Amino acid sequence: MRTRLRDRIAASDPGLLRLTAGLRTVGAIALTLAVLSLLRADVHHLVAGAMAAMVATFAIREKQLGAQAVTLALGLPVALASVSLGAVLNSRLVVGDVFFVVLIFCAVYGRRFGDRGTALGLIGFQVYFLSLFVGASVSALPVLCGAIALAFCSSAVMRFAVVPATPAGVLLRLRLAFRARLAQLVSAQLDLLDAGADEMDKALDAVREGTARLHETAMMIQARLEEGTPDESVARLVQRRIADAEVAAERLGLLLLSARSAERADTLTLHLPGAPAPSVGQPAVPDEATATLRRDLLALRTLVLRAGSGDAGTALAHVRNRLLGYRDEENLPPAPSAVQDVFRGIGEAARAVLGLRIALDGPQDESDDSPATARSREELDAEDAAIDGGEDAAQEEQETGLRRPTTRAAVQVAVGSTLAIVGGELLSTQRWYWAVLTCWIVFLNTASTGEILVKGYRRLLGTVFGVVAGIVLAGLVGRHTWTAFALVLVLIFAMFYVAPLSYTLMSLFVTAMLGLLYTLLHTYSLDVLVLRIEETALGAACGVVAAALVLPVRTDRRTNELLGTVLDRLAAVTEGAVGQLSGGPADELLDKARDLDQALADLRAATQPLTHPVTPLRARRHTARYVVALLETMRVPRADPGGDRRAAAHASLDRGGPATARGRRAHRAQHRDDRRPGRGRARRCRDRDRAEHRLAAGLRRRHAALRADHRPRAAASGAAGRGRGGPRPAAGRARGGAPAVTPGGRAGQKSVGSPLTSAMPRSSSVCRCRSLM
């Protein structure tokens with residue numbers, strides 16, 4: 001029971017990052033309040049100390065403890081200077097407003113200097129805002145500076161002594177989360193095996209969610225390998241084993257879905273939200289084979305959960321040997337070919353779990369190994385020996401001037417804040433800074449006008465609900481100071497815990513907390529909370545206007561640029577794989593695949609304005625979801641059940657023979673073309689042009705299918721023309737009776753083959769799809 005609870009917590013909060021952030025912040029605030037109360041500070045200084053402790057804790061984002069200490073030490077003088085200027089300029093209206101705009105510009109521009117520049121800019125802005133919130137004056141400045149210094153010291157105590165988080169410790173917890181989520185994905189696959197025809201959609205959604213959560217954890221591990229491992233070779237080994245386990249688990253789900261379906265399932269089904277599950281195949285899987293599959297999936301889940309537990313008993317070794325034996329043809333149970341593919345997938349997943357355990361926990365006891373397990377260990381050892389340091393990452397071209405994202409954002413925020421100050425002063429001469437704060441916040445972690453619009457909408461929605469919650473809490477608390485502070489701590493913890501999950505919920509907790517703070521400052525009223533909504537709406541509107549009119553980055557431009565990056569990195573992965581199979585030099589594809597992963601994650605975030613439920617552009621939403629899901633199917637190298645046998649065939653390239661001679665001659669000819677001026681470039685351009693035409697044609701067909709959904713007559717008249725460009729399912733159904741998957745996740749529409757599987761396009765291909773994205 002205890003282990004199960006630990007696994008649930010690890011899976012729900014990978015690395016315990018949200019829990020750590022919440023505990024650190026609440027602990028720093030509680031420690032600051034405790035010391036200030038012993039010093040008999042008044043309520044204004046208690047509020048200022050609590051806000052300063054919160055800022056000092058959440059602003060620092062470096063991963064190494066030494067870098068965190070340096071940033072925290074530099075942040076204290078920045079905070080003291082900011083609050084001092086705020087107190088001096090508080091009574092000088094024009095000069096204070098001009099300085100505030102300049103401070104905002106510098107704070108945003110500082111993001112170009114990395115995490116430290118971002119943290120110092122954030123501290124400077126938030127502490128200046130703090131001085132406006134508590135009404136700082138020159139006479140109260142010494143005590144206020146003392147409260148801020150105490151808050152920074154409390155933050156340091158919580159960060160380095162009470163709730164420390166070393167890179168190695170965080171990576172260890174992320175590994176536990178990966179195992180827990182992998183086990184949850186296997187459990188979802190078990191449910192898919194047992195699901196009836198009316199439960200297939202629900203079971204498929206669970207598998208789809210589990211696959212996405214596992215990939216999210218893999219990306220989090222990837223981001224912390226450099227700091228959390230002792231050297232680069234260990235980092236690359238863990239990176240490879242995590243990728244192997246992720247691919248094997250996703251492949252197992254696809255094979256299981258194919259075994260349950262009337263025909264071979266498409267990988268797109270696992271990634272497209274709302275895609276209908278294929279129809280259940282008839283006849284069904286034999287009962288004996290189903291029972292064996294269920295037993296082995298349960299055994300695989302046990303193998304995942306027990307990996308790294310220190311239990312290397314004979315029973316566990318027996319289970320591992322049986323599952324690894326499915327990698328040999330003679331050990332497969334008698335069953336239909338699709339079901340045998342699932343057993344092969346289980347064997348590959350068991351091999352991935354074995355490799356993950358060896359990489360993370362070191363050598364294991366080999367006394368109980370079967371021949372199949374020994375062969376798997378030898379393969380893993382050979383792969384480990386082939387891992388090298390790889391090539392240094394190429395430096396991307398840096399934009400300069402107003403084209404640099406940080407400079408552009410700084411100008412936009414400065415303009416938006418100026419508008420917010422003017423408008424906020426018209427609404428209220430006392431609370432105008434709420435509009436400026438909202439304008440500042442909507443530009444955090446956003447890169448296009450659409451993203452800013454969505455973030456402003458979410459903040460306004462959370463503020464409205466937060467006002468209701470604040471009214472209720474303020475009425476319950478009354479004048480009980482310490483009860484209000486206790487609720488403030490609870491709301492702050494909830495705010496940091498849900499921040500990565502829902503920005504709307506975070507805004508709700510922030511606004512409810514502010515209602516309690518106004519109660520403590522004896523300035524609470526219903527009019528103040530209503531004004532909070534008005535100032536928030538004004539700040540969001542000013543941010544959107546500034547983003548749309550000043551150096552704008554439109555959503556379609558942003559998505560087009562990122563789509564081009566994804567396709568370029570996909571081309572690099574494809575070219576590397578083709579080069580290896582053609583007898584060329586070995587290349588490390590994993591790094592390229594992970595670069596593709598990161599580019600796809602950026603594209604997925606950039607398309608959120610297009611896929612948001614409130615967007616009126618339904619056709620674009622369906623198309624964006626389909627394109628992202630289609631690219632998801634190619635983000636890491638995948639193989640079908642026959643991949644091992646083909647890999648063995650490709651191994652003949654190393655032993656010589658006609659295939660080797662032809663492959664090497666083709667590879668040498670390619671390199672001769674590349675060395676001749678203009679020849680290699682012309683050849684690559686021709687290949688890319690063909691791929692561009694395939695990509696654009698495929699996306700146009702998908703777009704036409706979406707429009708035809710709203711115009712049935714046009715769809716009927718154009719079906720024959722579109723049918724020549726792809727597969728020909730009968731009457732909108734797949735060959736086995738399963739509804740065809742379309743960009744909108746709808747059934748009954750014609751399905752066109754993937755145009756991207758062999759694409760190696762240039763950025764110009766994206767321009768041809770501008771009307772879609």
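Let's start with helix α7, residues 141-162. It has 22 residues and reaches 30 Å from first C-alpha to last, close to the 32 Å expected at 1.5 Å a residue. Keep in mind that this is a predicted model.

Which residues of α7 are buried? They are Leu 141, Leu 144, Cys 145, Ala 147, Ile 148, Ala 151, Phe 152, Ser 154, Ser 155, Met 158 and Arg 159. An α-helix has 3.6 residues a turn, so residues three or four places apart point the same way. The cover over the buried residues of α7 includes α2 (17-38), α3 (43-58), α4 (65-89) and α6 (114-134).

Now α2. This helix also has 22 residues. Its span is 32 Å, close to the 32 Å expected. Among its buried residues are Arg 18, Arg 24, Val 26, Ile 29, Leu 33 and Leu 36. What covers them? The cover for the buried residues of α2 includes α1 (2-12), α3, α7 and α18 (481-498). After α2 comes Arg 40, with a positive phi near 60 degrees.

Next, the surface. Leu 93, Val 94, Val 98 and Val 102 make a nonpolar patch of about 370 Å². Leu 93 sits in helix α5, residues 93-109. Is Leu 93 buried or exposed? Exposed, because its relative accessibility is 53%, and the cut-off for exposed is over 50%.

Last, Thr 438, in helix α16, residues 433-442. Thr 438 counts as buried because its relative accessible area is 1%, and buried means under 20%. Leaving aside neighbours within four places in sequence, Thr 438 contacts Arg 459, Thr 536, Gly 539 and Ala 540.

Definitions and conventions:
Residues are numbered from 1 along each chain as its sequence is written. This is a predicted model: local features need pLDDT of at least 70, side-chain atom pairs count only at pLDDT 80 or more; totals for chains, interfaces and linings use all residues. Side-chain values use heavy atoms; hydrogens and water are left out. Patches are made of residues with over 30% relative accessible area and no salt bridge: like charges are joined within 9 Å, nonpolar side chains (Val, Leu, Ile, Met, Phe, Trp, Tyr) within 5 Å. Accessible areas come from the Shrake-Rupley method with a 1.4 Å probe; for residues, only the protein chains shown count as cover. A salt bridge is a side-chain nitrogen of Lys or Arg within 4 Å of a carboxyl oxygen of Asp or Glu. Helices (H or I, at least four residues) and strands (E, at least two) are DSSP runs, numbered from the N terminus. Buried means under 20% relative accessible area, exposed over 50%, partly exposed in between (1.4 Å probe, protein chains only). Contact means heavy atoms within 4.5 Å. The expected span of a helix is 1.5 Å times one less than its number of residues.
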